[in-house]
Amino acid sequence: MENIVIKKSPLPWWAAGIMLGLVQVLAIGLVKPLGVSTQFVVADARIINQIAPEYSQNHPLISKEKYQKFGYGWWLDVGLITGAFLAAVLVRRWKLKKTTIWWQANRGRSVGGRFIASFIGGFFILLGARFAHGCTSGQFVSGWAQLSLSAVPFTITMFGFGMLTAYFVYPKTPKIEK
């Protein structure tokens, strides 16, 4: 992998961090801190309410009012997906393909295999977030913005396991173009 060169990011990390911080300040000022996983529970609760209303009304979590209606977080989820797609299109990086790094690190697995692996990973992240009654964006981004003490060990653990996972999935670092 040492002979692979990847494109440099169009936005420096610090500029993206400042933009995220400004969005967080705006969110706190207008509604409440950012968080995205609750809306998936709301969608599930609404479906369950249609299929088994008695179960839904007696459930200790989804019977609560906040899980019965879509809030600003639903539009935040839609905006995240739409914004990511538009950003990829605008910087001309949107292509349905497997990257060279994925191919070499995973011994030629297909594009479909990459999407399946990504879906499974995302599913486990969301599942863990709901078991913890929170989400990674809520704890990491919003926790730090509110100077929450629990955000410190969470962030250290999240980045530590993220680096460990990256080491096993991508054992060698490619060069970034200048």
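Colleague: Which residues of helix 1 meet which residues of helix 7?

Modeller: In helix 1 they are L20, Q24 and I28, and they meet V141, S142 and A145 in helix 7, where contact means heavy atoms within 4.5 Å. Helices are DSSP runs of H or I with at least four residues, strands are runs of E with at least two, and both are numbered from the N terminus. This is a predicted model, in which local features need pLDDT of at least 70 and side-chain atom pairs count only at pLDDT 80 or more, while totals for chains, interfaces and linings use all residues. Residues are numbered from 1 along each chain as its sequence is written, and side-chain values use heavy atoms, with hydrogens and water left out.

Colleague: Why are helix 1 and helix 7 called roughly perpendicular?

Modeller: Helix 1 (residues 13-30) and helix 7 (residues 136-145) pack at an angle of about 75°, with their axes 10 Å apart. Axes are lines fitted to C-alpha atoms, for helices over the stretch in contact, and angles run from 0 to 180 degrees between N-to-C directions. Under 35 degrees counts as roughly parallel, over 145 as roughly antiparallel, 65 to 115 as roughly perpendicular and the rest as oblique, and the two helices are therefore roughly perpendicular to each other.

Colleague: What makes Q39 count as buried?

Modeller: Its relative accessibility is 8%, and buried means under 20% relative accessible area, exposed over 50% and partly exposed in between, with a 1.4 Å probe and protein chains only; Q39 therefore counts as buried. Q39 is found in helix 2 (residues 38-51), and leaving aside neighbours within four places in sequence, Q39 is in contact with K69, F70, G71, G73, W74 and D77.

Colleague: How do you know whether G21 is buried, exposed or partly exposed?

Modeller: G21, which lies in helix 1, has a relative accessible area of 32% and is therefore partly exposed. The C-alpha atoms of G21 and S142 are separated by 9.4 Å, although these residues are 121 residues apart along the chain.

Colleague: How many aromatic pairs does a search of the whole structure find?

Modeller: The search finds two aromatic pairs. Rings of Phe, Tyr and Trp (its six-membered ring) pair if their centres lie within 6.5 Å, and planes under 30 degrees apart count as stacked, over 60 as edge-to-face and the rest as tilted. The rings of F123 and F124 have centres 5.8 Å apart and planes at 70°, so this pair is edge-to-face.

Colleague: Why is the pair of Y167 and F168 called edge-to-face?

Modeller: The ring centres of Y167 and F168 are 5.6 Å apart and their planes are at 70°, so the pair is edge-to-face.
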